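Here is a short note to read with the model open beside you. Take the points in order, and look for each residue as it comes up.

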Amino acid sequence: ATMPPLLSAIATAGRHGVLVKSALAMERLGETDMAALDKTGTLTEGAPEVTAVRPSPGSGLDEDALLALAAAAEHPSEHPLARAIVAAARARGLRLAPAADFTAKPGHGVTATVDGQVITVGRPDAHTYAEDAGVGRPDAHTYAEDAGVGRPDAHADAEDAGTVVLVERVGTPVGTLTLADRLRADAPETVAALTALTGTAPALLTGDNPRAAAQVAAATGITDVRAGLLPQDKVEAVLQLADRKVLFVGDGVNDAPALAAAHAGIAMGRAGSDLALETADAVVVRDELAAIPAVVRLSRAARRLVI
Ligand code: ADP
Ligand code: MG
């Protein structure tokens, strides 16, 4: 028998390094008319590095002590930021205390008990302490400043290209870490190809801060940028584009709900979380972003043969 067009498209996609999970998934990929892309691990390589360690003046911690504390709490996590923090501590030869009662909150950060004290590492604007205390979600800036989190050189801080995470000890901020990630080399051409294919520029949906999001958007030619999103906010953003059939591309546990809600979902395979890989319609196994527009084109060609 001749191979049905959608199945032979799946075989071709496989040769491009994209694992498409079913004929239905292959079909949906070509029906999409707009892309929405995650930032960290999707448009960027997802291998961030710690670029600054800033203990809070009142914390009694020096850089190494702050980094060791954060790394101890992050040690059980598989999040790219966690791996970077642990690697930075190792590179400085720091000894990590064991962590107990570890929990990770997708899109937020981690909590663990280290040396008998509850340590939280995560988003500066959504930490559990403020929520527990019923103070809502204070603006990251004001809160960090009120709490005396060290911004010894406001200038250097503003120039940091990256993600800032807040470290708290028993609910009190003790410092921040800055992490920077590299843009994937094929990100700009992929955004351009998706724009040409769908007639609409892709949107950027990220849990990271607006400044880090704006840098990646500027470098790739994206103008529709939504930052500071929690996992459920990414779903809302996808659903808000109700007149669109959205192709969502992501890698993290925090992307899984949006991958499920989108008309079609593609996960980045190499560093992608198991949950994202299981939820997506297709997985980019070799981590080449350029395979994404290629697979949309394949699907369209196959659908023309089917219909
Ligand atoms: P993105 O949507 O860009 O892929 P995530 O939703 O994974 O990013 O993370 C959003 C934000 O949540 C990060 O910028 C960071 O502030 C915080 N965060 C998430 N996981 C962790 C972690 N393990 N350690 C520290 N911060 C984290
Ligand atoms: Mg991500």
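1. Start at a single residue. Val170 sits in the loop between strand 7 and strand 8 (172-180). Helices (H or I, at least four residues) and strands (E, at least two) are DSSP runs, numbered from the N terminus. The phi angle of Val170 is near 45°, a positive value in a residue other than glycine. Is Val170 buried or exposed? Val170 counts as exposed, because it has 12 C-beta neighbours inside 10 Å. The cut-offs are these: a residue is buried if 20 or more other C-beta atoms lie within 10 Å of its own, exposed if 12 or fewer, and partly exposed in between, with C-beta atoms placed from the backbone.

2. Some ground rules before going on. This is a predicted model, in which local features need pLDDT of at least 70 and side-chain atom pairs count only at pLDDT 80 or more, while totals for chains, interfaces and linings use all residues. Residues are numbered from 1 along each chain as its sequence is written, and chains are lettered from A and ligands numbered from 1 in the order in which they are written.

3. Now find Asp101, in strand 4 (residues 99-105). Its phi is near 50°, a positive value in a residue other than glycine. Asp101 has 9 C-beta neighbours inside 10 Å, so it counts as exposed.

4. Step back to the whole protein chain. Its secondary structure comes to 14 helices and 13 strands. Of its 307 residues, 48% are buried. Two residues are in contact if their C-beta atoms, placed from the backbone, lie within 7 Å. Among contacts between residues at least 6 apart in sequence, 60% join residues at least 24 apart.

5. Two residue pairs let you compare sequence with space. Ala52, in strand 3 (residues 49-55), is 125 residues from Leu177 in sequence, with 5.7 Å from C-alpha to C-alpha. Ala52 has 16 other C-beta atoms within 10 Å, so it is partly exposed. Leu7, in helix 1 (residues 5-15), is 211 residues from Ala218 in sequence and 38 Å from it in space, C-alpha to C-alpha. Leu7 is partly exposed, because it has 15 C-beta neighbours inside 10 Å.

6. How is the chain divided into domains? The assignment gives domain 1 (5-45 + 183-306) and domain 2 (49-180); such bounds come from an automatic or database domain assignment. Where they touch, domain 1 contributes 13 residues and domain 2 contributes eight. On the domain 1 side, helix 3 and helix 10 (210-220) are the elements that give two or more residues. That side divides into five nonpolar residues, seven polar and one charged. Here Ala, Val, Leu, Ile, Met, Phe, Trp, Tyr, Cys and Pro count as nonpolar, Asp, Glu, Lys and Arg as charged, and the others, Gly among them, as polar.

7. Where does ligand 1 lie? Both domains give residues to the shell around ligand 1, so it lies between them. Of the 23 residues around ligand 1, Thr40, His79, Gly109, Arg123 and Gly207 come nearest; a residue is near if its C-beta atom, placed from the backbone, lies within 6 Å of the molecule. Helix 3 provides the largest share of the shell, three residues. By class, the shell has five nonpolar, 13 polar and five charged residues.

8. Finish with the interior. A nonpolar core is a set of buried Ala, Val, Leu, Ile, Met, Phe, Trp, Tyr and Cys residues joined through C-beta atoms within 7 Å. In the largest one, of 54 residues, Ala36, Leu247, Phe248, Ile292 and Val295 touch the most other members. Helix 14 (residues 291-306) gives this core its largest share, six residues. Apart from it lies another core, of 31 residues, among them Leu61, Ala72, Ile85 and Ala88.
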